[in-house]
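Subject: Structure handover

Hello,

Here is the structure you are taking over. Please have it open while you read the notes below.

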Amino acid sequence: FEVPVGSTQSIRIILRILFLFVVFFMLQTFSYATPQIPDTVKYNDLVLSWRGEGLTPILNDRNIRFTIRHTACYDGHIAKWEIKNKKLFLVDLVGWVKENGTGTSKIKEVGLEFLFPGSNSVFADWFTGEMILLEHESKVNQALLSECVYWLLAVESGIITRSVRKTEIFNFQDDEQLNRYYKLFRKSPRR
């Protein structure tokens with residue numbers, strides 16, 4: 001199969017290859033998942049973003065499953081937390097559940113009362129783990145670099161045992177740094 005150089009057919013083939021290359025490149029560039037709405041944590045008079053899963057232990061223990069409301073909230077809930085006197089408290093919650101007994105798939109919004117009737121603030125003694133709280137992020141150099149100021153907290157049964165404030169610059173052209181950035185600051189969609 002030979003196509004004479006300069007012929008209409010060779011130009012069409014070249015344009016098709018170029019078109020496929022551009023489409024493939026654009027699909028890879030823009031195929032990121034919807035960023036998830038983070039929980040917020042009030043700490044040291046700052047409101048910080050937390051993309052952790054602070055409610056997961058208690059939801060698993062109680063066999064509760066929230067319903068996905070939209071693509072930016074696959075967990076089906078958004079929580080507000082507060083750290084007071086080195087203790088982690090759940091202070092507000094908005095979640096979505098399927099209504100029972102209606103025979104339809106109606107979804108209703110629920111709050112903190114759904115998990116903790118009669119409470120307006122709950123000590124989160126069920127949570128043990130690491131919290132990464134984003135304080136500030138600024139894009140540098142046309143969004144190829146990102147400077148992040150964040151808090152790294154160790155929590156044992158709801159009590160803060162260690163707290164460190166860090167500043168780190170991530171180069172988004174470096175796959176290793178990009179992966180670290182997403183691991184630290186982006187809540188990944190779960191089903």
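The notes below go through confidence, fold, aromatic rings, charges and one surface patch.

This is a predicted model, in which local features need pLDDT of at least 70 and side-chain atom pairs count only at pLDDT 80 or more, while totals for chains, interfaces and linings use all residues. Residues are numbered from 1 along each chain as its sequence is written, and side-chain values use heavy atoms, with hydrogens and water left out.

Confidence and fold

The mean pLDDT (the predictor's confidence in each residue, from 0 to 100) is 82, and 82% of the residues reach 70 or more. Confidence is lowest in helix 1 (residues 8–29), with a mean of 67, and highest in strand 6 (residues 122–123), at 98.

The protein has 4 helices and 9 strands. Both are DSSP runs numbered from the N terminus: helices are H or I with at least four residues, strands are E with at least two. Their order along the sequence is α-β-β-α-β-β-β-α-β-β-β-β-α. Of the 191 residues, 34% are buried. Buried means under 20% relative accessible area, exposed means over 50%, and partly exposed is in between, with a 1.4 Å probe and protein chains only.

Aromatic rings

The structure contains 8 aromatic pairs. Rings of Phe, Tyr and Trp (its six-membered ring) pair if their centres lie within 6.5 Å; planes under 30 degrees apart are stacked, over 60 edge-to-face, and the rest tilted.

One of the pairs is Phe89 with Phe123, which is tilted, at 5.7 Å centre to centre and 55° between the planes. This pair links distant parts of the chain, as Phe89 is in strand 4 (residues 87–98) and Phe123 in strand 6, 34 residues apart. Phe89 is buried at 17% relative accessible area, whereas Phe123 is partly exposed at 27%.

Phe116 and Trp126 have ring centres 5.6 Å apart and planes at 15°, so this pair is stacked. Phe116 lies in the loop between helix 3 (112–115) and strand 6, and Trp126 in the loop between strand 6 and strand 7, so the pair ties together parts 10 residues apart in sequence. Both Phe116 and Trp126 are buried. They also belong to a cluster linked by ring pairs, together with Trp50, Trp81 and Phe127.

Charges

The rings of Phe89 and Phe123 each have a lysine over them. The charged end of Lys84 sits over the ring of Phe89, 5.0 Å from its centre, and that of Lys87 sits over the ring of Phe123, 5.5 Å from its centre. The rule here is NZ of Lys or CZ of Arg within 6 Å of the ring centre and within 35 degrees of the ring normal.

Side chains of opposite charge can pair when their charged atoms come close. The count is 1 salt bridge, defined as a side-chain nitrogen of Lys or Arg within 4 Å of a carboxyl oxygen of Asp or Glu. Glu135 forms it with Arg165, with the closest N and O atoms 3.0 Å apart. Glu135 lies in strand 7 (residues 129–140) and Arg165 in strand 9 (residues 159–171), so the pair ties together parts 30 residues apart in sequence. Glu135 is partly exposed at 25% relative accessible area, and Arg165 is partly exposed at 47%.

Surface patch

Ile11, Leu15 and Leu18 form a nonpolar surface patch with about 290 Å² of accessible area together. Patches are made of residues with over 30% relative accessible area and no salt bridge; like charges are joined within 9 Å, and nonpolar side chains (Val, Leu, Ile, Met, Phe, Trp, Tyr) within 5 Å. Accessible areas come from the Shrake-Rupley method with a 1.4 Å probe; for residues, only the protein chains shown count as cover. Ile11 lies in helix 1 and is partly exposed, at 45% relative accessibility.

Regards
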